[in-house]
Amino acid sequence: MGRGATERDPTLPDFTNPPVIETVLSLQFAPLEKFGIPHFGLYWEKIRSEYPRTELHPPLASVTEELEPSLVHKSIGLRIALGFPSGLPVRCWFIGESGNRLLQVQDGRFIYNWRKIKGDEVYPRYESIREKFKEEWIRYCAFLQEENLGTPEVTQCEVTYVNHIEYNSGWEGYGELGKVIACWKGSYSGTFLPSPEKVNLNVRHLLPGKEGRLHISLEPVLRSRDAVEVLQLNLTARGAPNSSSVEDVFRWLDLGRSWVVRGFTDFTTENMHKLWRREV
Amino acid sequence: MEEGSMIATTVSGWPTMRGERTAQRIPPWINFPELSSSPQWVSVFHVLNWSPWQVDAVKRILQFQSLRDNWDSYGGHPPSFDVILTASSVVRNITLDDPPKPRIVPVPGGGIQFEWKKGRRELEIEVRPDGSIEYLKIDDGDPIGDGEELESASTGSVESLLSWLIAG
């Protein structure tokens with residue numbers, strides 16, 4: 001995108017009150033040979049004042065967008081490769097003081113999350129989240145250097161926006177899903193079927209130039225925080241950067257974010273854009 | 001309700017930062033892979049294939065998160081998120097058609113109890129504060145035994161108890 005980190009692209013759609021409740025920026029890299037359990041603690045010492053709480057979770061599987069047809073899968077074309085988690089069997093969460101920010105670290109993954117807790121917080125905007133993630137990534141790479149663990153070779157970048165669309169807010173159930181989703185016609189060719197009780201949708205799009213892929217998923221979920229059933233609309237852009245340099249990695253994240261925002265806007269209706277107060 | 005505080009407990013069976021290992025119980029999120037297999041932080045249950053009664057039951061369980069210490073005026077504690085998850089998996093793993101619906105109540109020590117009554121038979125399943133699960137069968141007002149521990153909240157375990165209840 002070629003813009004400064006804190007400068008917002010004026011051509012991107014912008015919403016004053018978007019339904020986003022979480023953003024996730026993630027980097028995947030080849031596991032580091034010498035990285036061990038004690039390094040989680042050593043790294044925590046560096047960030048503990050800002051991330052005072054920890055939790056342990058099982059590691060995430062590696063996910064790679066394969067954009068070239070392989071010999072085996074030629075008949076089905078493009079695919080996603082899922083791998084077993086390699087390296088250590090641990091993913092460590094470092095939780096920020098406010099409870100809104102989280103760093104997830106495992107051997108081969110570095111993830112930064114921002115989320116709403118109460119539901120009424122103002123979304124801090126991508127530019128600010130990106131800057132913080134960049135700081136954290138540079139700090140993590142410096143830590144790895146200090147400990148002689150090597151330099152991560154970034155293989156995949158990932159941007160995810162999690163949106164919660166509440167019922168009775170511009171639509172009244174799945175019979176009116178067409179009021180939310182632009183490509184959903186909302187009627188059948190005959191009159192036999194009643195309105196759907198629930199709907200689950202998965203769509204994916206290739207980014208031009210074999211840059212990666214945009215995944216869109218829509219599904220009913222029960223939110224743990226307040227026991228409310230909502231429609232969860234996730235958009236994830238994933239692909240490989242040109243190199244592992246900070247510039248190339250963040251150039252890809254900017255591209256992914258642009259696809260997520262433009263994809264979200266195309267996927268949803270103007271009716272909902274008004275409710276979310278679209279400005280651009 | 002603050003989600004951050006809900007998930008502050010260490011998952012049972014996983015090593016702590018001090019290298020200790022907690023009780024070897026099946027981790028409560030095993031029944032909800034969506035909570036541990038994605039980088040998403042905001043925790044949600046994927047309810048596409050759930051029965052309406054299951055959604056309602058888990059909503060009730062989730063509402064126990066809003067309980068505060070001394071919620072019953074007798075020093076009662078609210079259930080931890082691990083207890084909430086284990087109780088939710090009891091509900092999730094009932095796959096019988098039109099099963100008897102339980103009464104679901106919080107237990108003062110931080111547990112959650114399910115209570116069923118059908119004819120002269122009663123069944124109680126309690127998810128205890130440490131994540132263990134106990135059950136008690138009652139027939140004609142008389143408890144059968146002193147309460148037994150259930151190995152897990154698996155479908156087979158819970159449904160065999162419900163089969164006993166229904167057969168009464």
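Residues are numbered from 1 along each chain as its sequence is written, chains are lettered from A and ligands numbered from 1 in the order in which they are written. As the model is predicted, local features need pLDDT of at least 70 and side-chain atom pairs count only at pLDDT 80 or more, while totals for chains, interfaces and linings use all residues.

**Exercise 1. The outline of chain A**

Task: Find how many helices and strands chain A has, and work out why chain A counts as being as compact as a globular protein of its length.

Solution: 
- Start with the elements: chain A has 4 helices and 11 strands. Helices (H or I, at least four residues) and strands (E, at least two) are DSSP runs, numbered from the N terminus.
- Next, take the radius of gyration, computed over C-alpha atoms. The value for chain A is 20 Å, close to the 19 Å that the globule rule gives for 280 residues, so chain A is as compact as a globular protein of that length. That rule is 2.2 Å times the number of residues to the power 0.38.
- Then look at the extent: the C-alpha trace spans about 65 × 50 × 35 Å along its principal axes.
- Finally, consider burial: 34% of the 280 residues in chain A are buried. Buried means that 20 or more other C-beta atoms lie within 10 Å of the residue's own, exposed means 12 or fewer, and partly exposed is in between, with C-beta atoms placed from the backbone.

**Exercise 2. The nonpolar cores**

Task: Which residues touch the most other members of the largest nonpolar core, and which helix gives this core its largest share?

Solution: 
- Keep the definition at hand: a nonpolar core is a set of buried Ala, Val, Leu, Ile, Met, Phe, Trp, Tyr and Cys residues joined through C-beta atoms within 7 Å.
- The largest core has 48 residues, and A:V105, A:V249, A:L253 and A:V260 touch the most other members.
- Helix α3 of chain A (residues 246–267) gives the largest share, 10 residues.
- Another core, of 27 residues, lies apart from it and includes A:V221, B:I61, B:I112 and B:V158.
- Now return to helix α3 of chain A, where A:D254 is also found. This aspartate counts as buried because 20 C-beta neighbours lie inside 10 Å.

**Exercise 3. Where the chains meet**

Task: How many residues of chain B are in contact with chain A, and which strands of the two chains pair?

Solution: 
- Count the contacts: 29 residues of chain B are in contact with 35 residues of chain A. Contact here means C-beta atoms, placed from the backbone, within 7 Å.
- On the chain B side, α1 (3–6), β1 (44–46) and α2 (52–63) are the elements that give two or more residues. The largest share, 5 residues, comes from α2(B).
- Sort that side by residue type: 18 are nonpolar, 8 polar and 3 charged. Ala, Val, Leu, Ile, Met, Phe, Trp, Tyr, Cys and Pro count as nonpolar, Asp, Glu, Lys and Arg as charged, and the others, Gly among them, as polar.
- Then find the strands: β10 of chain A (residues 212–223) pairs with β1(B) in the antiparallel sense over 3 bridges. Two strands pair if DSSP finds at least two bridges between them. A:R223 stands opposite B:V44.

**Exercise 4. The sheet of chain B**

Task: What is the strand order of the open sheet in chain B, and why is one side of β2 and of β6 left without a neighbour?

Solution: 
- The 5 strands have the order β2-β3-β4-β5-β6, with antiparallel pairing.
- β2 (103–107) and β6 (142–150) stand at the edges with a single partner strand each, so one side of each has no neighbour in the sheet.
- In the loop between β5 and β6 of chain B lies B:D140, which has a positive phi of about 60° although it is not a glycine. B:D140 counts as exposed, with 9 C-beta neighbours inside 10 Å.

Note on methods:
Contact = placed C-beta atoms within 7 Å.
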